[in-house]
Amino acid sequence: MRDDVKQLLSLQESDQLIGNLEAELLKIPQLQEAAKDQLASDTSALAQAKSDFQANEVEIKKLELDIGTRKNSADRLKNQQFETKKNEEYTKLGEEVTRYEQQIDELETRELELMEIADERREKMSEAEAALTKTKDAVDQDIAELETRANQKKEELSAAQKTRADKLADILDDELIDTYTRLFNKRNGQAVVQVTDQKSCKSCHVQVTPATYALAQSGAAIAHCDNCGAILFP
Ligand SMILES: [Zn+2]
């Protein structure tokens, strides 16, 4: 392989590495955001579970007040009934007491139902709390690991950039560097590629002419793929 092509190939390795590191570094903040989104969703699930529980508690309080009021009324009527001398009034008061007691029965049944609901919602609340704690720990850990990874990649990137600068400084042909750079950008990082024994260019996978193949083999001059222009080595 020609020395200048060897140098370009090595430069390309650095450029590919830099490209990969930059792509990874771009992804890390997105991964951190995704982790935070999970936390936000668990936080709002817990808030919802708490508010459902509270709403039920308010219902229970209201029922208890209703029951208390009706019990007072029933007691008052029972006293009136006890004090009355009139048969007709006695019966009428008795009927009213029975009506209140039926209502109290219904309200107490409803209260029991609400208390069962309270148990279920308390359970849901503690499940949501546990899930949030678990997610929070996992997310904290994920974010810390991603931070560490980002720092590592940044170090690797700056080392790769330094190596690349050294390699570039060794290549004295500016025109060749321009050609390489243009090809690297156009060919998606595949500027300097092998031409296979089947005469196929590894950048575009099209067969080159026998003359181009022979030139790449001999190294008398820099050989370019007839189709995509990539710099070829044997
Ligand atoms: Zn090609």
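Biologist: Where is the place of Lys 199?
Modeller: This is a predicted model, in which local features need pLDDT of at least 70, side-chain atom pairs count only at pLDDT 80 or more, and totals for chains, interfaces and linings use all residues. Residues are numbered from 1 along each chain as its sequence is written. Helices (H or I, at least four residues) and strands (E, at least two) are DSSP runs, numbered from the N terminus. In those terms, Lys 199 lies in the loop between S1 and H4.

Biologist: What is the phi of Lys 199?
Modeller: Most residues other than glycine have a negative phi. Lys 199 is not a glycine, yet its phi is positive, at about 65°.

Biologist: How many other C-beta atoms lie within 10 Å of Lys 199?
Modeller: With C-beta atoms placed from the backbone, a residue is buried if 20 or more others lie within 10 Å of its own, exposed if 12 or fewer, and partly exposed in between. Lys 199 counts as partly exposed because its number is 16.

Biologist: And is His 205 buried or exposed?
Modeller: His 205 is also in the loop between S1 and H4, and its phi is positive too, near 65°. It has 12 other C-beta atoms within 10 Å, so His 205 is exposed.

Biologist: Stepping back, in what order do the elements of the chain run?
Modeller: The chain has 4 helices and 3 strands. Read from the N terminus, they run α-α-α-β-α-β-β.

Biologist: How far apart are the end C-alpha atoms of helix H1?
Modeller: The expected span of a helix is 1.5 Å times one less than its number of residues. Helix H1 covers residues 3–83, 81 residues in total, so it should span 120 Å. The model agrees, with its end C-alpha atoms at a separation of 121 Å.

Biologist: What is the radius of gyration of the chain?
Modeller: Its C-alpha trace spans about 135 × 35 × 25 Å along the principal axes. The radius of gyration is taken over C-alpha atoms, and the globule rule is 2.2 Å times the number of residues to the power 0.38. A compact globule of 234 residues would come near 17 Å, but this chain has 41 Å.

Biologist: What is the order of the strands in the open sheet?
Modeller: Two strands pair if DSSP finds at least two bridges between them. S1 and S3 run parallel, joined by 3 bridges, and Val 192 stands opposite Ile 231 in S3. Pairing in the sheet is mixed, and the order is S1-S3-S2. The edge strands, each pairing on one side only, are S1 and S2 (223–224).

Biologist: How far apart in space are Ile 177 and Leu 8?
Modeller: Ile 177 is in helix H3, and Leu 8 is one of the buried residues of H1. In sequence they are 169 residues apart, but their C-alpha to C-alpha distance is 8.0 Å.
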